Amino acid sequence: MIATLDDLDVEGTTVGVRVDVNSPIDDDGTLADDARLRAHVDTLSELLDRGGRVAVLAHQGRPGGDDFVSLDPHADRLSELLGRPVDYVDATFSAAAREAVSDLENGDCLVLENTRFYSEEYMEFDPERAARTHLVEGLEPVLDAYVNDAFAAAHRSQPSLVGLPTALPSYAGRVMETELDVLGSIEATPEPRVYVLGGAKVPDSIDVAWSVLENDLADHVLTAGVVGNVFLIADGVDLGDASSDFIYDQGYWDEIDRAADLLDAYGDRIALPRDVAVARDDERYELGVNALPPEEGESAMDVGESTLEYYQRILDDAETVILNGPAGVFEDDRFQTGTRRLYGAATDVSTSIVGGGDTASALRRLGVEGFSHVSTGGGAALRMLTAESLPAVSALENAPEQPAADD
Ligand SMILES: Nc1ncnc2c1ncn2[C@@H]1O[C@H](COP(=O)(O)OP(=O)(O)O)[C@@H](O)[C@H]1O
Ligand SMILES: O=C(OP(=O)(O)O)[C@H](O)COP(=O)(O)O
């Protein structure tokens, strides 16, 4: 049983709130998209309105990446979104950080530095060991409670996600609560149930396909994106060197065998693209699978019209659709059609659940809206769909007893 904000006596309590505001960053270091910050406004506003003293913890990017930047711009944007001052401290658990947290008054909010600026936070630990890291031992004395609202990072067993809830009374924030409610009760959604697996996380998508087909959760699995390309190759289609090299370069070559095994076991419930779109003379050009391979250098970048009509017919009969990953390279205007049409069709299904960071950003960019639920998580949402437990969620379940809100 996970405690929520309803169980927390907030007033005067200093709360460490782990959020996931990991966002695309422009070349000038500013935030390219603030959707993940917006998602946490309800949790943060509620804590502040109820008189909490809030220290926000979050990561941004991965070491070595161009998006591995400070949380200073995130604090500025949060301040605008919350309509109140949000201080930023360029420290996470040092004496300076502890002093800033200790100085918080009721209704104050500050953002601590990118947790991954400290090497331990980019390592995976079991919860007990995570509780003995510098980050947790440094912060725990100045915090009364911990709230985890970072569903999108809940598949990581890093100190700020599994160590703090081992050391402090802990609660799920509103984003975490909603995500667990929706994604944890997929089997209760109406049937026929269709999964659409696109995008580029091929091993994760194949794990999901195995799990939902084996457990009879899926009436159909529709494939698109790089996932669709892997299934086409597994089915014996020659997609040409460019698409094959891309899959090989991503390290996904072994996935072709797994896709072939899946087709052997559950081929009647797996739908493959019937045509693909390539760039020819700089224009979008569609080819039926019988006309493949494409010309040299051409890569399958989207699904084509005949696939979209086929998938539309399956979606017309669906009561629930669960989607992850764009149908094509939506960043290029020529290859947005598949994602716009497929996801657009999904909004007409009575229950439509979408996961994935790139997917959510594609949908915003293409103006596709009207889903029952858009998850903040990509990898975390996929992992939940395989019914695997998420380390950060298990840590909340096993957190120390908290005093009841009315005590
Ligand atoms: N046919 C394709 N070839 C190459 N890349 C593709 C193709 N289809 C989709 N993609 C890429 O997949 C990426 C998103 O996939 P993924 O990270 O799995 O999504 P999410 O973050 O929503 O889980 C996008 O950058 C998109 O360009
Ligand atoms: O963006 C995230 O996950 P996602 O790419 O699965 O949406 C989370 O912030 C986790 O980041 P990580 O995959 O660098 O641990």
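Student: Is Asp-282 buried or exposed?
Tutor: Asp-282 sits in the loop between β10 (275-280) and β11; helices (H or I, at least four residues) and strands (E, at least two) are DSSP runs, numbered from the N terminus. Buried means under 20% relative accessible area, exposed over 50%, and partly exposed in between, with a 1.4 Å probe and protein chains only. With a relative accessibility of 64%, Asp-282 counts as exposed.

Student: What is the mean pLDDT of the protein chain?
Tutor: This is a predicted model, in which local features need pLDDT of at least 70, side-chain atom pairs count only at pLDDT 80 or more, and totals for chains, interfaces and linings use all residues; side-chain values use heavy atoms, with hydrogens and water left out. Residues are numbered from 1 along each chain as its sequence is written, while chains are lettered from A and ligands numbered from 1 in the order in which they are written. The model scores ipTM 0.94 and pTM 0.89. For pLDDT, the predictor's confidence in each residue from 0 to 100, 99% of the chain's residues reach 70 or more, and the mean is 95.

Student: What is the phi of Asp-216?
Tutor: Asp-216 belongs to the loop between α9 (202-214) and β8 (220-223). Asp-216 is exposed, at 54% relative accessible area. Its phi is positive although the residue is not glycine, with a value near 55°.

Student: Which residue does a cis peptide bond join to Leu-292?
Tutor: The omega of this bond is about 10°.

Student: What is the omega of the cis peptide bond that joins Glu-191 and Pro-192?
Tutor: Pro-192 is placed in the loop between α8 (174-183) and β7 (193-197). For the bond from Glu-191 to Pro-192, omega is about 0°.

Student: How much of the area that ligand 1 exposes when taken alone does the protein bury?
Tutor: The shell of ligand 1 has 19 residues, the closest being Ala-200, Lys-201, Glu-331, Asp-358 and Thr-359, where a residue is near if one of its heavy atoms lies within 4 Å. Polar contacts (N or O pairs within 3.5 Å; within protein, one atom must be able to donate a hydrogen and the other to accept it, and residues adjacent in sequence count only if both atoms are side-chain atoms) include a 2.5 Å pair between the side chain of Thr-359 and a ligand 1 oxygen. Taken alone, ligand 1 exposes 580 Å² (Shrake-Rupley method, 1.4 Å probe), and the buried share is 87%.

Student: Which helices each supply at least two residues of the shell around ligand 1?
Tutor: By class, this shell has eight nonpolar, eight polar and three charged residues; Ala, Val, Leu, Ile, Met, Phe, Trp, Tyr, Cys and Pro count as nonpolar, Asp, Glu, Lys and Arg as charged, and the others, Gly among them, as polar. The helices in question are α10 (225-234) and α15 (357-366).

Student: Why does ligand 2 lie between two domains?
Tutor: Among the residues surrounding ligand 2 are His-59, Arg-116 and Gly-378. A side-chain N or O atom of Arg-116 is 2.8 Å from a ligand 2 oxygen, and a polar side-chain atom of His-59 is 3.0 Å from an oxygen of ligand 2. Domain bounds come from an automatic or database domain assignment. Ligand 2 lies between the domains because its shell takes residues from both domain 1 (5-179) and domain 2 (184-385).
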